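Trainee: Can we go through this one together? I'd like to start with a single residue and then move on to the ligand and the cavities.

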Amino acid sequence: MASVGGIGIANLPNQRHKIVAKRGGHFTVMVVGESGLGKTTLINTLFSTELSPPKDYRRRHVKQLDKLTEIEIIKAELEEKSFKVKLTVIDTPGFGDYVNNRDSWAPIIDFVDDQHETYMRQEQQPERGEKSDLRVHACLYFIRPTGHTLKPLDIEIMKRLGTRVNLIPVIAKADTLTQADLALFKQRIREVIAAQGIRVYQPPIEEDDEQSMEHAKILMDAMPFSIIGSTEDVQTPDGRTVKGREYLWGVAEVENENHCDFRKLRSLLIRTYMLDLISTTEESHYENYRQQQMETRKFGEPKVKKLDNPKFKEEEEALRKRFTEQVKAEESRFRQWEQHLIAERDRLNKDLETTHSTIKSLEGELDNLQAGYGRGSQRR
Ligand SMILES: Nc1nc2c(ncn2[C@@H]2O[C@H](COP(=O)(O)OP(=O)(O)OP(=O)(O)O)[C@@H](O)[C@H]2O)c(=O)[nH]1
Ligand SMILES: [Mg+2]
């Protein structure tokens, strides 16, 4: 479609178009999820179906967040009818498989927060020139195509992401599920998302515009988007060359709406809702972060370290209290035990005394008996 209709950004409503054009149009997408779910493949698929050949296509590895998590930042410039968007894709390596470490995803959450932080600090500088800005406008969360439901780990991470970024859940490797299983899986995921209060991105509803309402509804109904990723050109049985994955039974096509929701996702990201994703990030997610930080620290103060954080202080205080209580309880248990021992000793001593006196009296009796016996035998 790229070859025929262009990227589509030039068709965005004029007013917003101008705003973004003035800002230089900066759009950042991040992919997150367990290892091996096809995150990198999807990015490459996006580039090979829509964004190719990027004029200014750079890949670079970026700072090691920790030993396990290295993110990759891919930058490309999209241009259409003199309308430019700087696209940045942040590829994160999968978590969850190298260790059963529930905190393995913490660097990803930190990364999102750090971008808000960096931007905020730049805003506070007297010279507010060109800012480097990696605030994430859309975060694709990859769900393993188990066919069952969301895992507790998914729920935990999605909750945290949903309050920080525009979260867009996707079902990875849709070609591994049958259409019926996929529909059921989607339904279950939607139910869990609702029940757990996970915040996911909602396209804006412009009530005066029927076409846009219809479009938003179609997209919402498709969430979480099922994805097939592939950069391979394959032949379909009816002779078309498509991006897809070849199987004995046929071809799973990336851009076939009957096979997966790749086109819907791409449309959401780079056609219809790019501007909304950018402005909601600015107005809602960044603003939330800024306000939260303002409440917990003074203007210009560095980011609160975990240990200085009031919440952690509270936790630490509670822990200390619990510890003291436990020590006290243990002490009183020991004292009771000690007293019990003393009482027991006294009781045993008394017993001993009684036993001694019993023995004494028995010995006395025995003496008497022996004496009597002696006398008796003497009589014989
Ligand atoms: N069946 C199927 N396989 C896929 C799909 N997308 C990717 N794969 C395959 O899954 C494997 C892992 O893909 P990657 O893109 O490296 O996965 P990743 O999520 O980036 O993995 P990490 O970087 O380790 O987190 C590769 O062998 C891909 O060819 C898909 O849609 N369907
Ligand atoms: Mg990868």
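Trainee: Is Lys173 buried, exposed or partly exposed?

Mentor: Partly exposed, because its relative accessible area is 37%, and partly exposed covers what falls between under 20% for buried and over 50% for exposed. Keep in mind that this is a predicted model.

Trainee: Where is Lys173 found?

Mentor: In the loop between strand S6 (167–171) and helix H6 (179–195).

Trainee: And what is the phi of Lys173 near?

Mentor: Near 45°, a positive value in a residue other than glycine. Most residues other than glycine have a negative phi.

Trainee: How far does a polar side-chain atom of Lys173 lie from an oxygen atom of ligand 1?

Mentor: The distance is 3.1 Å. Arg245 also has a side-chain N or O atom 3.1 Å from an oxygen atom of ligand 1. For Ser35, the side-chain N or O atom is 2.6 Å from a ligand 1 oxygen.

Trainee: How much of ligand 1 does the protein bury?

Mentor: Taken alone, ligand 1 exposes 650 Å², and the protein buries 70% of that.

Trainee: Which elements give two or more residues to the shell around ligand 1?

Mentor: H3 and strand S9 (241–247). H3 gives the most, with three residues.

Trainee: How many residues surround ligand 1, and which are the closest?

Mentor: There are 17, and the closest are Ser35, Lys39, Thr41, Gly94 and Asp175. By class, the shell has five nonpolar, eight polar and four charged residues.

Trainee: What classes are in the lining of the largest cavity?

Mentor: That lining has 13 nonpolar residues, no polar ones and no charged ones.

Trainee: Which elements supply at least two residues of that lining?

Mentor: Strand S1 (26–33), helix H3 (39–49), strand S4 (83–91) and helix H8 (262–272). The largest share, four residues, comes from H3.

Trainee: Last topic, the backbone. Is the peptide bond from Met223 to Pro224 cis or trans?

Mentor: It is cis, with omega near -10°. Most peptide bonds are trans. Pro224 is found in the loop between helix H7 (210–222) and strand S7 (225–226).

Key: Residues numbered from 1 in each chain as written. Chains lettered and ligands numbered in written order. Predicted model: local features only at pLDDT ≥ 70, side-chain atom pairs only at ≥ 80, totals over all residues. Heavy atoms only, no water. Buried < 20%, exposed > 50% of the residue type's maximum accessible area, 1.4 Å probe, protein only. Nonpolar A, V, L, I, M, F, W, Y, C, P; charged D, E, K, R; others polar. Near = heavy atom within 4 Å. Polar contact = N/O pair within 3.5 Å; in protein donor to acceptor, adjacent residues only side chain to side chain. Areas by Shrake-Rupley, 256 points an atom, 1.4 Å probe, with all protein chains shown as cover.
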